[in-house]
Amino acid sequence: MPQPSTGFGEELRKRRLEAGLSLTALSGSVHYSKAQLSKVERGLKAPSRDLARLCDAALGAGGALLSLLAPATTDPPVDPAPGSVHEEDWIMQLSPDGPNTFQPLSRRDALGAGAASLMTWRSDSAGPASPAAGAEMVAASRSLFTHYRRLGQTVAPGLLLPVLIAQTHTLRELSAHCDSGTRRHLLALGSRYAEYVGWLVQETGDEQAALWWTQRAVDLAAAGGDRALAGYALVRRALITLYRDDAEQTVALARRAQSRALPPRIRGLAAQREAQGHALAGDRRACLDALDRARALLSLQDEETDEPVIGTMHLPDPVGMVTGWCLVDLGQPREASRELDRQLALVGGDAVRTQVRYGVRRALAYASAGEIDHACDLTAPLLDGVEAVGSATVTTDLRRLARALARHANHSSVRRLGPRLGTLSRPSTI
């Protein structure tokens, strides 16, 4: 919980008076009560990060007020050590009751535990695969990957993870029995599967397992001659620090992924993530500069490749959507709501995970702008999708939205929405 801060309160009062604003006027601008602002100024009540963002923007502080809060800095996420793509066996246990488990084991440990004796088929005893078989596996797996990503927009991660893990394993093992050209294609595609598994695992709330899968993706890509995916792994690590509210680490990791040696798409995605980090810090100028860089880089065509695109495939204008996302964190909810309105109109109705991710943030923008009834009207139709996709990251914004609406508990629309919103915004529901 945030602790009361006399330093923040004193600086807030100083800047408010310099701007010629009364408490009543500032209250109307940020849509927090005059009584709450008074307690914050006197150091009797801790400011939330959302209040600090709104006050910082309303007073043109450029992040100075935000910097007075206790930093959200955490230890940077540590990637698991890289290793050979064939250094381990993967053990999955599928339960008829719903919960499934996955565990990597070294092959020596698997033999010692007796796991290798249970319905084991050894791929290393197989003969070489024909070029036709390898090519057929590549083509079929590419097609399946597109379908799995579409399906991932509508179902919870746990329903897809077993089949995605099995497909990744198949591509990895088959690559050992193919000619060098086919092997590169199999490993490149396997790396995309592993990266997507990492994203879905993060959606379950397991950050460390998500990093493990991201490292497996890097290993598979490197084994096939692609060193660039290691740069994208930094962008994925920065996503974890973004959801921890750690602006400094998010910016630092994203900048490391913008080396000129990397493909334009990876650098563009990294610039987007850097913009989100600057937005957390309240630095509008740096945020918009990074977004401009992202748009320029993402407009460039990478070398022709048949491999699935890295990053989202469901946003017609990813920089525009991320701009709306950033404006919320910059304390500009009216600008954010207008941009997110435009962008969400472009997203297909079957992209449920994308719709709820940015739809919840749009509702948060409207709630922060004081348009409570409209925020509730936008939220209500999203809740079935929130429940269906089971996203820990969406729940982070849903909790922010629930807190924003709770300040207006007497609104009839908030009372109607409150019980289900409260249930879905609890972390344990994911």
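This is a predicted model: local features need pLDDT of at least 70, side-chain atom pairs count only at pLDDT 80 or more; totals for chains, interfaces and linings use all residues.
Local features need pLDDT of at least 70 and side-chain atom pairs count only at pLDDT 80 or more, while totals for chains, interfaces and linings use all residues. Residues are numbered from 1 along each chain as its sequence is written, and side-chain values use heavy atoms, with hydrogens and water left out.

**View 1. Phe145 and Tyr196 form an edge-to-face pair.**
Rings of Phe, Tyr and Trp (its six-membered ring) pair if their centres lie within 6.5 Å; planes under 30 degrees apart are stacked, over 60 edge-to-face, and the rest tilted. The model holds eight aromatic pairs by this rule. In this one, the centres of Phe145 and Tyr196 lie 5.9 Å apart, with 85° between the planes. The pair links distant parts of the chain: Phe145 belongs to helix H6 (residues 131–151) and Tyr196 to helix H8 (residues 180–203), 51 residues apart. Helices are DSSP runs (H or I, at least four residues), numbered from the N terminus. Phe145 is buried, at 3% relative accessible area. Tyr196 is buried too, at 7%. Buried means under 20% relative accessible area, exposed over 50%, and partly exposed in between (1.4 Å probe, protein chains only). Ring pairs join Phe145, Tyr148, Tyr193 and Tyr196 into a cluster.

**View 2. Trp325 pairs with Tyr358.**
The ring centres are 5.8 Å apart and the planes stand at 70°, so this pair is edge-to-face. Trp325 sits in helix H14 (residues 318–329) and Tyr358 in helix H16 (residues 352–368), 33 residues apart. Both residues are buried. Arg361 lies over the face of Trp325, 3.8 Å from the ring centre.

**View 3. Arg407 places its charged end over the ring of Tyr32.**
The distance to the ring centre is 3.5 Å. A charge sits over a ring if NZ of Lys or CZ of Arg is within 6 Å of the ring centre and within 35 degrees of the ring normal.

Buried in H6 are Gly134, Val138, Ser141, Arg142, Phe145, Tyr148 and Arg149. Exposed Ala132 and Glu136 are on the face turned away from the buried side. Helices H7 (157–174) and H8 are among what covers the buried residues of H6.

Notes:
Helices (H or I, at least four residues) and strands (E, at least two) are DSSP runs, numbered from the N terminus. Contact means heavy atoms within 4.5 Å.
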